[in-house]
Amino acid sequence: MWVLYAFGSALFAGITSILAKCGIKKTDSHVATVLRTIVVLIFSWLMVFIVHSQNQISTISTNTWIFLILSGFATGLSWLCYFKALQLGDVNKVVPIDKSSIILTIVLAFIFLKEDMTLLKWMCYSNWCRYVFND
């Protein structure tokens, strides 16, 4: 089931990039980020109430709060940089660089989370890097 969600994530991320580029043509990238964040915030709370998981908020541990808050800061910084890059550059150049976070994430997961790293993964990433940086 996680694979379907992962493909859905990729699909919506692709659509997001196109819609964002269209939306920031005549708007400051920081204002655009705020508007996007408001929509995400409303949508997220709506989903919490639709699936009736609002009662779980009080059970979240301090450690979890810290990591989720830090993740939120990282997300905010990522979005600010992403929208500014989209405003200044072409989508087909910005998005592949933005998605290089995949490689960084996998390396960090290997180092900090002790997740496995296989030869096949490295081969796929090296092919991806050649595609992205041979423009």
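Me: What makes A20, I24, A32, Y82, F83, L86, V91, V94 and V95 a nonpolar core?

Reply: These nine residues form the largest nonpolar core. A nonpolar core is a set of buried Ala, Val, Leu, Ile, Met, Phe, Trp, Tyr and Cys residues joined through side-chain atoms within 4.5 Å. Buried means under 20% relative accessible area, with a 1.4 Å probe and protein chains only. Helices α3 and α4 (91-98) each supply at least two residues of this core. The model is predicted: local features need pLDDT of at least 70, side-chain atom pairs count only at pLDDT 80 or more, and totals for chains, interfaces and linings use all residues. Residues are numbered from 1 along each chain as its sequence is written, and side-chain values use heavy atoms, without hydrogens and water.

Me: Which residues does Y82 touch, leaving out those up to four places away in sequence?

Reply: Y82 touches S17, R36, V94, V95 and D98. Contact means heavy atoms within 4.5 Å.

Me: Why is the pair K99 and D98 called a salt bridge?

Reply: The rule asks for a side-chain nitrogen of Lys or Arg within 4 Å of a carboxyl oxygen of Asp or Glu. The K99 and D98 side chains meet at 3.6 Å, N to O, so the pair qualifies. By this rule the count comes to one salt bridge.

Me: Why does D98 count as partly exposed?

Reply: Partly exposed lies between buried and exposed, the latter being over 50%. D98 has 25% relative accessibility, so D98 counts as partly exposed. K99, at 31%, also counts as partly exposed.

Me: Why is W45 called partly exposed?

Reply: W45 has 41% relative accessibility, so W45 counts as partly exposed. W45 is found in helix α2.

How values were computed. Helices (H or I, at least four residues) and strands (E, at least two) are DSSP runs, numbered from the N terminus.
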